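Please keep the structure in view while reading.

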Amino acid sequence: MKKLYCFDFDGTLTYKDTMFMYLKFYNSTKYRIQFLRHVPLFILLKLKLAETEKVKKSFIGSILRGQTQEKIEMKSKQFFEHHYPEIVRENALDFIKNIDRNNTQSLLVTASLDIWVKPFADELKMELVSTRAEFKNGVFTGNFVGKNCNGPEKLVRIKEEINDSKYDKIIAFGDTSGDRPMLKWANEGHYQFFH
């Protein structure tokens, strides 16, 4: 039986949102300043008066724009080493360890940026489907390649990743409204399964 597992990352496999954790880890002083500057935007976001993608791009860019890919990757590796496996839910780790890798494809599907999630995907032996950071001449532009990988975009990107592969069963795991399209599409959609 050929299976496809689609796992959301933040909140589903982890206890915390990794975006804030990573940006604080990267440069705590800059993080504090930019967090305060972005509070009005975060409030508008909560009130659904601002676009998630724009606010996210602005906040991440305010800390990482102009940084070299080399430094970002080094910091991502350090972030992973510092926080793995503590931030990953124990029962999620147990579940992943018991996956039959011969008959299963596993995707880590996340709105978080590839730059800090890649080491986790590698460790968990999953292919990464995420929001992609744009680099030009080895420097982060502050932009994304394509759209923020959330909501309907998660499904678009999963379908791109699997191409025309056929599965006997597709099982998805998520914990927010941004995972709903993926959960509805799967044969089995599990909401807050590891909580």
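## Basis of the description

A residue is called buried when its relative accessible area is under 20%, exposed when over 50%, and partly exposed in between, with a 1.4 Å probe and protein chains only. The model is a predicted one, in which local features need pLDDT of at least 70 and side-chain atom pairs count only at pLDDT 80 or more, while totals for chains, interfaces and linings use all residues. Residues are numbered from 1 along each chain as its sequence is written, and side-chain values use heavy atoms, with hydrogens and water left out.

Helices (H or I, at least four residues) and strands (E, at least two) are DSSP runs numbered from the N terminus. Contact means heavy atoms within 4.5 Å.

## A buried aspartate

Asp179 is found in the loop between β5 (169-174) and α8 (180-185). Asp179 counts as buried because its relative accessibility is 0%. Apart from neighbours within four places in sequence, Asp179 is in contact with Asp8, Thr12, Lys154 and Gly174. Between Asp179 and Thr110, 69 residues apart in sequence, the C-alpha to C-alpha distance is 9.1 Å.

## The two largest pockets

A pocket is defined on a 1 Å grid over the protein atoms alone, as an open set of points where a 1.4 Å probe fits, with protein on both sides within 12 Å along at least five of seven lines; lining residues have an atom within 4 Å of a point. Grid points are joined across faces, edges and corners, and a volume is the space filled by probe spheres set on the points. The largest pocket has a volume of about 1,100 Å³. It is lined by 29 residues, of which Asp17, Leu45, Thr52, Asn148 and Asn150 are the closest to its centre. At least two lining residues come from each of α1 (18-26), α2 (28-46), α3 (52-64), β2 (104-113) and α7 (152-162); α3 provides the largest share, 4 residues. For the classes, Ala, Val, Leu, Ile, Met, Phe, Trp, Tyr, Cys and Pro count as nonpolar, Asp, Glu, Lys and Arg as charged, and the others, Gly among them, as polar. On this basis the lining of the largest pocket holds 8 nonpolar, 10 polar and 11 charged residues.

The second largest pocket has a volume of about 150 Å³. Its lining consists of Gln69, Glu73, Ser76, Asp114, Ile115, Lys118, Pro119 and Phe135. The classes here are 3 nonpolar, 2 polar and 3 charged.

In helix α5 (residues 90-97), the buried residues are Ala92, Leu93 and Ile96. They lie on the same side of α5 because they cover an arc of only 100° around the axis, the arc being that of the directions from the helix axis to the C-beta atoms. In general, an α-helix has 3.6 residues a turn, so residues three or four places apart point the same way. The face turned away from the buried side of α5 carries the exposed residues Glu90 and Lys97. Strand β1 (3-8) is included in what covers the buried residues of α5.

Leu93 has a relative accessibility of 9% and therefore counts as buried. Beyond its neighbours within four places in sequence, Leu93 is in contact with Tyr84, Pro85, Val88 and Leu124. Two of these contacts, Tyr84 and Pro85, are joined to each other by a cis peptide bond, with omega about 5°. Pro85 belongs to the loop between α4 and α5.

## The kink in helix α2

Helix α2 has a kink of about 50° at Val39, shortly before the proline Pro40. The bend at a residue is the angle between axes fitted to the seven residues ending there and the seven starting there. Tyr31, Gln34, His38 and Phe42 are buried in α2, and the buried residues of this helix pack against α1 and α3.

## Residues with positive phi

Most residues other than glycine have a negative phi, and most peptide bonds are trans. Lys48, which follows α2, has a positive phi near 60°. Asn137, in the loop between β3 (127-136) and β4 (139-145), has a positive phi near 50°. Asn137 is exposed because its relative accessible area is 83%.

Gln192, in the segment after β6 (188-191), also has a positive phi, near 50°. Its relative accessible area is 34%, so Gln192 is partly exposed.
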